[in-house]
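Have the sequence and the structure open as you read.

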Number of protein chains: 2
Amino acid sequence: MRLKELLFGRPLRTDEERVEQVGIATAIPVLGLDALGSASYGPEAAMTALLALGMLASHYIGWITGAILLVLFPVFLSYLQTIPAYPQGGGSFTVARENLGPFAGLLAASALSVDYILNAAVAISAGVGALVSAVPFLLPYTLPLCLAILILLTVINLRGVRSAGVLLLVPAYAFVGSLLITVVLGIIRVVEAHGHPVPIVAPPRISPSVQTASAWLLMRAFASGCAALTGVEAVSNAVPVFRKPKVTLARRTLTILIIILSILLAGIAFLARAYHVSATAPGQPGYESLLSQLVGAVAGRGIFYYIALGSVLFVLALSANTSFAGFPRVCRLLALDEYLPAEFAHRGSRLVYSCGILVLALFAGLLLLAFRGITDRLIPLFAIGAFGAFTLSQLGMVFHWRRSREPGARRSMILNGLGAFITGATLLVLTIAKFSEGAWLVLALLPPLLFLFSRIRRYHTNVEREIEEQGPLDTSNLSDPIVVVPLKRLDRVGRKALRLALSMASDIHVVQIMAEDMNIDDLKSRWHELVENPVQNLHRRPPVLTVLPSAYRNFFGPLIGYLKELCRKNPDRHIAVIIPELVERRWYHFLFRHRATLLKTLLILRGGPPIVIISAPWYVAKAAKREAFAG
Amino acid sequence: MRLKELLFGRPLRTDEERVEQVGIATAIPVLGLDALGSASYGPEAAMTALLALGMLASHYIGWITGAILLVLFPVFLSYLQTIPAYPQGGGSFTVARENLGPFAGLLAASALSVDYILNAAVAISAGVGALVSAVPFLLPYTLPLCLAILILLTVINLRGVRSAGVLLLVPAYAFVGSLLITVVLGIIRVVEAHGHPVPIVAPPRISPSVQTASAWLLMRAFASGCAALTGVEAVSNAVPVFRKPKVTLARRTLTILIIILSILLAGIAFLARAYHVSATAPGQPGYESLLSQLVGAVAGRGIFYYIALGSVLFVLALSANTSFAGFPRVCRLLALDEYLPAEFAHRGSRLVYSCGILVLALFAGLLLLAFRGITDRLIPLFAIGAFGAFTLSQLGMVFHWRRSREPGARRSMILNGLGAFITGATLLVLTIAKFSEGAWLVLALLPPLLFLFSRIRRYHTNVEREIEEQGPLDTSNLSDPIVVVPLKRLDRVGRKALRLALSMASDIHVVQIMAEDMNIDDLKSRWHELVENPVQNLHRRPPVLTVLPSAYRNFFGPLIGYLKELCRKNPDRHIAVIIPELVERRWYHFLFRHRATLLKTLLILRGGPPIVIISAPWYVAKAAKREAFAG
């Protein structure tokens, strides 16, 4: 128990939940980390898609970034509308379900869950990518490093929301600060050098172009770069987290985030072009991330370089945290609507949805393993889910405003409609550009997910209808159960079971299975003396003994046959099987004493309605000495 | 069920056990496989130890084989004595325990179990070594091939003794036949060529000597070659398997085996020297086993080569079967004396000791994995256990004859004493020569094994003393139990549990835990109407309802606190906790419905003597429709 507390902290009472209401300064790292962090992997992904262009890549990055910013702006305006409309938090699931019906909601939730899982994997591997750029000898350890960070994040998130928040503050501001300084410093150098700056640390030589730019290549680069836009929805999902005036603060936070993101994206594109920096092949020796090259070129490899790259590493890895915040909440909403088992809605001892966190960690870990921890192979799968959810959410908002009678609803509807159109169009581009690279997988995942969710829901509804019963308790036909006690010998363990049987029923059947290996004596010879006689002295019906041979040395078979026969003869009565069980209160108990456990499992699964299973534990001395429930 | 029968055959009744009484012709493959098979890996192991001598190695192999034969002869005579003395089967454990006391018996059993595990691994990897010699492109698949054969042997042995026996006949005689032919043919060729035969297929060129022969090197080669002597004890262990006259047939079988083994060992040494054949580095490209080189040199690579090498492969791999026959029987004897859990003495549905077979397969598999399937690395660990058991067994026989008054007992004592001395001396040489190569591991394993066995024994004795009770059943103070029913809501599942409670006791406590996520209504408001009233109408005491809040959203904590309090207030009564449980009769039942399973486990392990656990399963419609025990 102590190890558990050390790792996960002490349990929290439900009333200890203080909504950590935050202001803008805290909200930017907590809610903006994913959006800001994607500024570092978006441009990199776009330029990696242009690898085949060699030197030419840096000429096109400006155009691609421009296109990305053109998508960003209406998305931003659109979410500005969502915030006041859903001050209780307008996640895509909620907005889509309320305005477009349950199917649209489920679709948004499925897309989002896929996206959150991908985001966790992409963010961690991008962080590790930054690390191995700075410390190249770590390159062979990419995958173990990714998994270590995943485990760390899982533990931190199981500890609770607050410990995650504390972790984010410093790296988030160090990241924004150092990247802004790099951009400003770089622009100054470029201006001073009349557009031809000399890099302090020269970026790796770029291989000559093997291909010319085609519309298809640029479209794919744009699609990859769109990963930079994920995370923008976080603020509108989390309006209740803000201090009052919630809506105002949320809108201001979103505005500041978008401004910073735009500056970073534009600045990186400008500097990449001015310094002729291009992407290097990921996962290959000599790999160096775009940001590492840029910061090195602008500011050299001094302390500033390590602070900047260190903060990139942290922010990227921690932006996986957005998934840890979002995924369990989506699962919870699904569980509350019975699309998932109730466990997903149950908050663990630290007030977080532990079940969702663990499922996320499992899937993200599998992804990292499958792709061996290299971001670039994961990116094709990424952003489809996010843009799907964006589009559904915006579309939901359009319908929301159509029904609204608020002043300005028309203007809001147009803005959200524009957002829906642009995100929808981007989604289309994404899907086409990346279909063959793996986007089909995301699309192929959606139908089975939808099917699974609705099957679980239907199952829940069926079971609930089945077990529903109103009205007073039926107290007719309360006959006492027939008790069956399988006995090996008449030791203390068996005697306890037999006494228990005598204390709860009058109709008792004792069964002894004679299997060759058990090395036991037939109870028959002394039954009268040992059992029948003392019970008859109480003027009660004595237990009936049946000795069964076991031709196949199998203990369970003959017992089940016996019970089946008993059920058939007494169709209206419960058959209570008392299982004498020797217990050591140790973890290895089930390793050694599994016969009783097996029997109980078998009876539960194969027994059927008339069978009731009673465990009569007998504790070996050391265990018994400890008080009951001593822990 | 059908897959299981296909793999393992139909269950066998206990009375279907016919001791497969065999004659000499069948006994040679069944009992002699290990001894004969070791003729192929013993010389190879000795020559591998001489690798550093290059060309010189083949000059020394004659001397080393001579020394091995010098050990073999007294061991043979000694076992000839053991057979008539223990016609019921004189395994080392039995002989040592009966004559030298339980500790010596345990020591022999431990040494033997270690040896059996090593033998299974060595034999399989030697077989695969033969295969990859013949088919070199399989070399990279050494480990998977080893594991596949291990799994095959496990399945065959789980099927039962008879199927294993059938498998052995053909390859055993093909092996003996083709090796004898090779030896004879080779000798003819050598004589014809006046001592300088020309190999038909030239063996690989031998690297020049990097070292000169030292006593130490030769001693190590001898120690490695002693692996050829393992398996000799099999006949004397298994006298009951023979037809009458058992003892005569057994002695004759042993004699024939030893003659064949001696001819093979001597012949191989002679040919290796005449053809200048030496070992090649195992696990390296260009590796070719000694026998493959010899057969190729003598007879070329025609059909005969493939028959010979094929039979070597089969015999080696199947000589692992000796372990599968021996190890489970040693475990059984240990379990009968309570040194191991009773499961090891339980015969499975096919009349074999499945538990021991599985444990053997597990450990042999781990060894193969750890050594990546290369025999040579396993050989240093090998034979120490066997010679330890040999020595103890012979020593036991010495004491046996000392107490015997039979005529000739003195002569037998001397023969066994000689055997004990020689095997003991060989054991010493083995230990010294191979200590640094891994023999220390075998020796280091023995004390913990002995400790484990005696701890298990002591534990069993303690528990048995504790649960032992004579005399008639105590029927005093048979007060009916207090029944506690934890209820979530009053649905059909809960109602079944409540009716069960009413049918078996009068003192019923219902507990409702209010945990935030459970989305449930307080039962209090309608308790009177739904439950109290109908029960009072029967003139019975109605169940008492307690609603407990759960500050930590934990369901188990408050319930256990409540039970603890109840135990404290009613120290003399049983508390029966009825757990309402929704059951689907599917394998995934425990995946979804684990809350009830968890609660039962928790109550068993932490509950203590007064607590009794009752499962009241309620079956969802589809499951309930199927009849009870429908399977």
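## Two loop residues with positive phi

A:H539 sits in the loop that links α19 (524–537) to β3 (544–549) of chain A. Keep in mind that this is a predicted model. Although A:H539 is not a glycine, its phi is positive, at about 60°. Is A:H539 buried or exposed? A:H539 is exposed, because 6 other C-beta atoms lie within 10 Å, and 12 or fewer is the cut-off for that label.

A:E338 is another one to check: this residue is not a glycine, yet has a positive phi of about 65°. You'll find A:E338 in the loop between α13 (321–336) and α14 (354–370) of chain A. With 17 other C-beta atoms within 10 Å, A:E338 counts as partly exposed.

## How α4 and α5 pack

Now go to helix α4 (residues 92–100) and helix α5 (residues 102–134), both in chain A. Their axes are 6 Å apart, and the helices pack at an angle of about 165°. Angles over 145 degrees count as roughly antiparallel, so that is how α4(A) runs relative to α5(A). The crossing of α4(A) and α5(A) is right-handed.

## Who touches whom

Which residues of α4(A) meet α5(A)? On the α4(A) side they are A:S92, A:F93, A:A96, A:R97 and A:L100. Facing them from α5(A) are A:P102, A:A104, A:G105, A:A108, A:A109 and A:L112. Sorted by type, the residues of this α4(A)–α5(A) contact come out as eight nonpolar, two polar and one charged.

Technical notes
Residues are numbered from 1 along each chain as its sequence is written. Chains are lettered from A and ligands numbered from 1 in the order in which they are written. This is a predicted model: local features need pLDDT of at least 70, side-chain atom pairs count only at pLDDT 80 or more; totals for chains, interfaces and linings use all residues. Axes are lines fitted to C-alpha atoms, for helices over the stretch in contact, and angles run from 0 to 180 degrees between N-to-C directions. Helices (H or I, at least four residues) and strands (E, at least two) are DSSP runs, numbered from the N terminus. Angles under 35 degrees count as roughly parallel, over 145 as roughly antiparallel, 65 to 115 as roughly perpendicular and the rest as oblique. A crossing is left-handed if the near helix is turned anticlockwise from the far one by less than a right angle, and right-handed if clockwise. Two residues are in contact if their C-beta atoms, placed from the backbone, lie within 7 Å. Ala, Val, Leu, Ile, Met, Phe, Trp, Tyr, Cys and Pro count as nonpolar, Asp, Glu, Lys and Arg as charged, and the others, Gly among them, as polar. A residue is buried if 20 or more other C-beta atoms lie within 10 Å of its own, exposed if 12 or fewer, and partly exposed in between; C-beta atoms are placed from the backbone.
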